[in-house]
Amino acid sequence: MNLFTSSSSSSSSSSSSKPNFTLFTASQNSNSKAPSKHLFKVPYKTHHHHSLSIPQCSSHQTTQALVESPSDARPTKDFDAGVEEEEDEDDALVVRRPVKEVSDDDSGELGVNSSAVIDASLNEFAKKMPIFEPERMESTAGEKPLKVNLDLALYKAKILTRNFRYEEAQETLEKCINCWPEDGRAYVALGKILSKQSRTVEARAVYAKGCQATQGENPYIWQCWAVLENKIGNIGKARELFDAATVADKKHIAAWHGWAVLELKQGNIKKARHLLAKGLKFGGGNEYVYQTLALLEARATRYEQARNLFRQATKCNPKSCASWLSWAQMEMQQENNFAARKLFEKAVQASPKNRFAWHVWGVFEANIDNIDKARKLLKIGHALNPRDPVLLQSLGLLEYKYSTANVARSLFRKASVIDPRHQPVWIAWGWMEWKEGNISTAREYYQQALAINSTTESAARCLQAWGVLEQRVGNLSAARRLFRSSLNINSQSYVTWMTWAQLEDDQGNSVRAEEIRNLYFQQRTEVVDDASWVMGFLDIIDPALDSIKRLFNLEQNSYNKEPSRYNPGVNENAIDDEESVSPSSGSYAGNDLESVVNGFDLDKFMREVLSLDPEKLDVFLEAPPSPRTIKSTRRVFRSGNKKAATLLPQTNI
């Protein structure tokens with residue numbers, strides 16, 4: 001349906017024909033006043049000098065048109081006067097009602113065919129109504145489509161974007177901007193589409209145009225522009241834009257939260273807390289802000305304060321799966337396994353098809369050696385989300401550890417078909433092949449992962465894993481280059497620094513090993529936090545009103561953590577568990593355990609809520625994978641020289 005062009009159709013002389021039009025417009029025809037749908041009166045019969053059947057009328061205007069009609073069957077003058085007098089006395093709008101057709105007996109009594117009179121009258125009436133003539137509306141200068149067309153067009157663009165038809169969506173949104181330049185929604189939607197296609201310059205131009213058109217009063221445009229600048233690394237510009245968003249609307253909670261997240265990633269904890277407090281003060285309770293504050297408290301080992309904030313988050317939105325998951329992970333880190341499991345149960349009840357919930361719960365059960373339940377949970381997640389490669393990746397690693405390599409290999413292959421550009425799948429598959437002794441195959445898969453993108457943290461993991469492989473097979477110079485490349489991407493990785501130092505120790509270079517350890521402590525980003533903000537802050541906490549549906553991964557990745565503090569069981573020389581859990585399983589948030597019901601029956605929940613048979617989960621694994629049809633806008637370097645270039649970066653280490 002084209003929302004901006006009117007289909008050419010002429011008015012039919014028959015009353016049963018329906019005009020074809022696709023655009024609602026406000027007519028500005030000075031010659032005729034378009035009657036409202038509420039102006040139609042209920043036809044009736046009167047008995048003056050003669051008994052007559054009155055054709056349907058819509059208003060005083062249409063009554064007058066019927067009076068001037070050349071038809072022989074005209075109402076009497078007395079009746080016309082009565083109608084006009086009645087309309088003068090009562091200007092109230094009368095609801096139009098259907099009228100029973102005049103029977104043949106009545107028409108015979110009147111001596112005239114009443115249906116012919118009605119047809120002729122409606123024909124004259126239709127000629128005066130612009131809504132029946134789309135071509136007239138298209139050509140009329142100065143006319144503007146009604147606002148309903150904007151809503152329909154935005155919805156159409158949303159559907160097109162969801163189906164990855166970006167060009168059509170862009171064309172629709174550009175028409176929206178031309179017709180309604182003062183509405184900020186079209187700018188936001190178009191900017192996001194351009195950002196998804198990595199067309200940063202064009203997206204920035206759209207946001208700038210939108211801010212100018214809305215006179216800087218639309219906080220959503222400012223916020224989206226700030227997110228774009230933050231994504232490409234323009235931190236200073238992003239701060240200015242977040243500030244502009246909060247000035248445009250101090251109640252815009254997403255701007256406060258986005259700005260706080262930016263400061264958190266920069267290590268400015270106190271500034272982030274201040275911004276989150278302002279968000280709660282001006283925007284009211286919000287589970288996303290409470291969740292972020294709770295995660296900060298958990299990182300600072302103030303667990304009771306974190307639980308209180310998690311309670312606030314889940315009171316804001318009991319259906320927030322992210323909040324339940326975050327609380328569950330905090331309890332899991334504290335080895336409160338019973339509480340963590342109950343919170344995972346609440347998470348899947350809040351969002352039964354949420355892939356994060358099933359994935360993180362499955363990993364939790366695997367970590368405490370409930371292998372059968374872990375396998376079952378990951379299979380349920382895959383059955384509900386058959387195009388998610390992360391679930392298959394974790395299931396493949398689980399099957400490799402507790403089953404056979406062939407089973408794991410088939411799962412990795414299926415995951416790589418579903419999403420060939422998912423780096424952790426190739427890294428995990430390469431790690432498994434290395435453990436199986438297939439060194440050349442492992443190198444091939446590591447190269448495949450780096451060809452996708454050589455600048456992400458997943459790429460840093462891949463380089464570190466590849467370095468360990470080369471170290472084990474005796475290629476020490478290649479291992480050193482790979483470790484340098486990994487640290488150029490992520491200099492905060494404790495595992496990579498210590499693995500490299502251990503390599504030097506093993507070779508008898510104790511002085512060089514000590515230098516590497518010192519370099520780590522010198523360049524490490526030290527995050528300093530304090531508890532002074534707690535005094536007085538909890539007094540302004542407001543119970544929740546709003547909800548934000550996006551998940552936020554705040555917890556630092558275990559790849560960067562020191563084993564002595566965060567993960568005592570990590571072997572510095574190996575990456576056995578580094579890729580076993582995708583970054584998708586990061587941190588989430590939770591609620592009060594007192595409200596958690598006991599006796600959760602997973603099989604019953606599967607049958608009644610998920611419509612799944614617990615005995616037939618393997619059927620979904622045996623089904624052929626359906627690859628994604630997304631065309632990536634990023635260039636994949638396939639040249640062997642360009643692949644090799646990633647191994648020899650310039651470094652000062």
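Colleague: Is the crossing of helix 14 and helix 15 left-handed or right-handed?

Modeller: The crossing of helix 14 and helix 15 is left-handed. Please bear in mind that this is a predicted model.

Colleague: What makes helix 14 roughly antiparallel to helix 15?

Modeller: Helix 14, residues 287-299, and helix 15, residues 303-316, pack at an angle of about 165 degrees, with their axes 8 Å apart. An angle over 145 degrees counts as roughly antiparallel, and that makes helix 14 roughly antiparallel to helix 15.

Colleague: Which residues of helix 14 and helix 15 meet?

Modeller: From helix 14 these are Glu287, Tyr290, Gln291, Leu293, Ala294, Leu295, Glu297 and Ala298. In helix 15 they meet Tyr303, Gln305, Ala306, Leu309, Phe310, Gln312, Ala313 and Cys316. By class, this contact of helix 14 with helix 15 has eleven nonpolar, three polar and two charged residues.

Colleague: Why are helix 16 and helix 17 called roughly antiparallel?

Modeller: The axes of helix 16 (residues 321-333) and helix 17 (residues 337-350) cross at roughly 165 degrees and come within 8 Å. The cut-off for the term is an angle over 145 degrees, so helix 16 is roughly antiparallel to helix 17. The crossing of helix 16 and helix 17 is left-handed. Helix 16 contributes Cys321, Trp324, Leu325, Trp327, Ala328, Glu331 and Met332 to the contact, and helix 17 contributes Ala339, Ala340, Leu343, Phe344, Lys346, Ala347 and Ala350.

Colleague: How many residues of the contact of helix 16 with helix 17 are nonpolar, polar and charged?

Modeller: The contact of helix 16 with helix 17 divides into twelve nonpolar, no polar and two charged residues.

Colleague: What makes helix 9 and helix 10 roughly antiparallel to each other?

Modeller: Helix 9 (residues 200-213) and helix 10 (residues 219-231) have axes that cross at roughly 155 degrees and come within 9 Å. With the limit set at over 145 degrees, helix 9 and helix 10 are therefore roughly antiparallel to each other. Their crossing is left-handed. In helix 9, Thr200, Ala203, Arg204, Tyr207, Ala208, Gly210 and Cys211 meet Ile221, Trp222, Cys224, Trp225, Leu228 and Glu229 in helix 10. Nine residues of the contact of helix 9 with helix 10 are nonpolar, two polar and two charged.

Colleague: Why is helix 18 said to be largely enclosed by the rest of the structure?

Modeller: Eleven of the 13 residues of helix 18 are buried, so helix 18 is largely enclosed by the rest of the structure. The buried residues are Phe356, Ala357, Trp358, His359, Val360, Trp361, Gly362, Val363, Phe364, Glu365 and Ala366. What covers these residues of helix 18 includes helix 16, helix 17, helix 19, helix 20 and helix 29.

Colleague: How do you know that the span of helix 18 agrees with 1.5 Å a residue?

Modeller: At 1.5 Å a residue, the 13 residues of helix 18 (residues 355-367) should span 18 Å; the end C-alpha atoms are 18 Å apart, which agrees.

Colleague: What span should the 14 residues of helix 25 have at 1.5 Å a residue?

Modeller: Helix 25, residues 476-489, should span 20 Å, and its end C-alpha atoms are 20 Å apart, which agrees. Among the buried residues of helix 25 are Leu476, Arg480 and Phe483. The buried residues of helix 25 pack against helix 24 and helix 26.

Colleague: Why does Phe483 count as buried?

Modeller: Buried means under 20% relative accessible area; Phe483, at 0% relative accessibility, therefore counts as buried. Phe483 lies in helix 25. Leaving aside its neighbours within four places in sequence, Phe483 is in contact with Gln464, Gly467, Val468, Gln471, Thr496, Thr499, Trp500 and Leu503. Phe483 and Gln464 are 19 residues apart in sequence, and their C-alpha atoms are 5.6 Å apart in space.

Colleague: What makes Gly430 count as buried?

Modeller: Gly430 has 0% relative accessibility and so counts as buried, the limit being under 20%. Gly430 lies in helix 22, residues 423-435. Apart from neighbours within four places in sequence, Gly430 is in contact with Ala442, Tyr445 and Tyr446.

Colleague: How many helices and strands does the protein chain have?

Modeller: The protein chain has 31 helices and two strands. Of its 653 residues, 45% count as buried.

Methods:
Residues are numbered from 1 along each chain as its sequence is written. This is a predicted model: local features need pLDDT of at least 70, side-chain atom pairs count only at pLDDT 80 or more; totals for chains, interfaces and linings use all residues. Side-chain values use heavy atoms; hydrogens and water are left out. Axes are lines fitted to C-alpha atoms, for helices over the stretch in contact, and angles run from 0 to 180 degrees between N-to-C directions. Helices (H or I, at least four residues) and strands (E, at least two) are DSSP runs, numbered from the N terminus. Angles under 35 degrees count as roughly parallel, over 145 as roughly antiparallel, 65 to 115 as roughly perpendicular and the rest as oblique. A crossing is left-handed if the near helix is turned anticlockwise from the far one by less than a right angle, and right-handed if clockwise. Contact means heavy atoms within 4.5 Å. Ala, Val, Leu, Ile, Met, Phe, Trp, Tyr, Cys and Pro count as nonpolar, Asp, Glu, Lys and Arg as charged, and the others, Gly among them, as polar. The expected span of a helix is 1.5 Å times one less than its number of residues. Buried means under 20% relative accessible area, exposed over 50%, partly exposed in between (1.4 Å probe, protein chains only).
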